[in-house]
Protein chains: 2
Amino acid sequence: MSRQTGPKAGKPEPLATPMEDTDIIDFEIIELFFFAYRDFVSDPDAILEKSGFGRAHHRVVHFVNRNPGMTVADLLDTLKITKQSLARVLKQLIDSGYIRQVAGPEDRRQRKLYPTKSGRELALALAEPQSRRIERAFEGASAEVREGVKAFLRGMRDRQRAE
Amino acid sequence: MSRQTGPKAGKPEPLATPMEDTDIIDFEIIELFFFAYRDFVSDPDAILEKSGFGRAHHRVVHFVNRNPGMTVADLLDTLKITKQSLARVLKQLIDSGYIRQVAGPEDRRQRKLYPTKSGRELALALAEPQSRRIERAFEGASAEVREGVKAFLRGMRDRQRAE
DNA sequence: AATTTATGTCAATAAAGCTGACATATCCTC
DNA sequence: GAGGATATGTCAGCTTTATTGACATAAATT
């Protein structure tokens, strides 16, 4: 099935010229963004490795700390992953004592999620090297540029998501 | 009230206060970066899905188009993955006619990698929505801010990598 | 009482990475 | 030319993180 997905069989000519920026395509920023993110997540990755956790755990710990009392459904919506993917990491985090579930006070079907003290500490420990990296990247930047970077990052998000 | 401190004693208390920015931790940018990257890669993901390719194929196609004639070793170094991980996706891209291998003119052990015409077209098609997204995110930004964003992204990378 | 909703769980699958071992062709050095 | 180093390819097996589909349970809603 994946054998002949290409255009034609045989021997198409290889192209020797590099693909350069054009009016419409800005490869430079595409690459900068790729490398920046790769290194940005490498800091917490290294810390998490010691606990046997991964990137998924990081995201859950982060958002639960930022929005204590959020439900499982809220989290699924934020992370854009499936219930089953979340279930595994959430269970591990609860079993390890980083996150607690509390039945919703009004709707008792809901499981509201809260960090424990050590969950808060973990989130801070993971954010610290990332913040240092960000501060380093901002060195010498004017207030206008700092605001411009935030506006740029906001502008990179999808506009109207079905929520 | 159902606080649920029931069966197991020694369960840590859940924290109800949101984790806020501090002097040292800038959660806002951490989140902005996460969401920006999540949506940034969603564009090519949607295109690749149709061909049965994934993100790994995208990276290979991109870098081979940017640096035609790069060797397998160069690519491994850029992507920071292992030979075996690369082998699978590279084989698929070659079989599908997007990339060609040519024995090195001086060192014939080397396999120099080149895009085919359709490989070039694929790379452009994948970059196009990303570039449009970047352009949209830059709307109304001054030249200074644009340069500042690039400088920021460069600053986010690791400094001394063993290359 | 019946339906919907929020969550949990089971089973099977896939993509993309990993390690370790080994094969082949080629280059380099003695 | 022999022997070792290098660039690449390949095999076997494993892990993480995601996926879909099906079904269970408790609680809310109609």
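Predicted model: local features only at pLDDT ≥ 70, side-chain atom pairs only at ≥ 80, totals over all residues.
**Stop 1: DNA strand D**

Select DNA strand D and the residues around it, 21 in number. Colour helix 5 of chain B separately: it gives the most to the surface near DNA strand D, with 4 residues. Coloured by class, the surface near DNA strand D shows 8 charged, 8 polar and 5 nonpolar residues.

**Stop 2: DNA strand C**

Now move to DNA strand C, which has 22 residues around it. The nearest are Thr71(A) and Ala73(A) in chain A, with Gly54(B), Ala56(B) and Thr82(B) in chain B. Two or more residues of the surface near DNA strand C come from each of helix 3 (72-79) and helix 4 (83-95) of chain A, and from each of helix 3 (55-66) and helix 5 (83-95) of chain B. Helix 4 of chain A has the largest share, 4 residues. By class, the surface near DNA strand C contains 6 nonpolar, 8 polar and 8 charged residues.

**Stop 3: the side of chain B that touches chain A**

Hide the DNA and select the contacts between the protein chains. Here 67 residues of chain B are in contact with 67 residues of chain A. On the chain B side, two or more residues come from each of helix 1 (27-40), helix 3, helix 5, strand 2 (99-103), strand 3 (111-115), helix 6 and helix 7 (143-156). Helix 6 of chain B gives the most to this side, with 13 residues. The side of chain B that touches chain A divides into 34 nonpolar, 17 polar and 16 charged residues.

**Stop 4: Gly119(B)**

Stay on helix 6 of chain B, residues 117-137, and pick Gly119(B) within it. Why does Gly119(B) count as buried? There are 29 other C-beta atoms within 10 Å of Gly119(B), and a residue is buried if 20 or more lie within that distance. Leaving aside residues up to four places away in sequence, show what Gly119(B) touches: Val61(B), Asn65(B), Tyr98(B) and Ile99(B). To finish, draw a C-alpha to C-alpha distance from Gly119(B) to Phe33(B): the two are 30 Å apart in space and 86 residues apart in sequence.

Key
Residues numbered from 1 in each chain as written. Chains lettered and ligands numbered in written order. Near = placed C-beta within 6 Å. Nonpolar A, V, L, I, M, F, W, Y, C, P; charged D, E, K, R; others polar. Buried ≥ 20, exposed ≤ 12 C-beta atoms within 10 Å, placed from the backbone. Contact = placed C-beta atoms within 7 Å.
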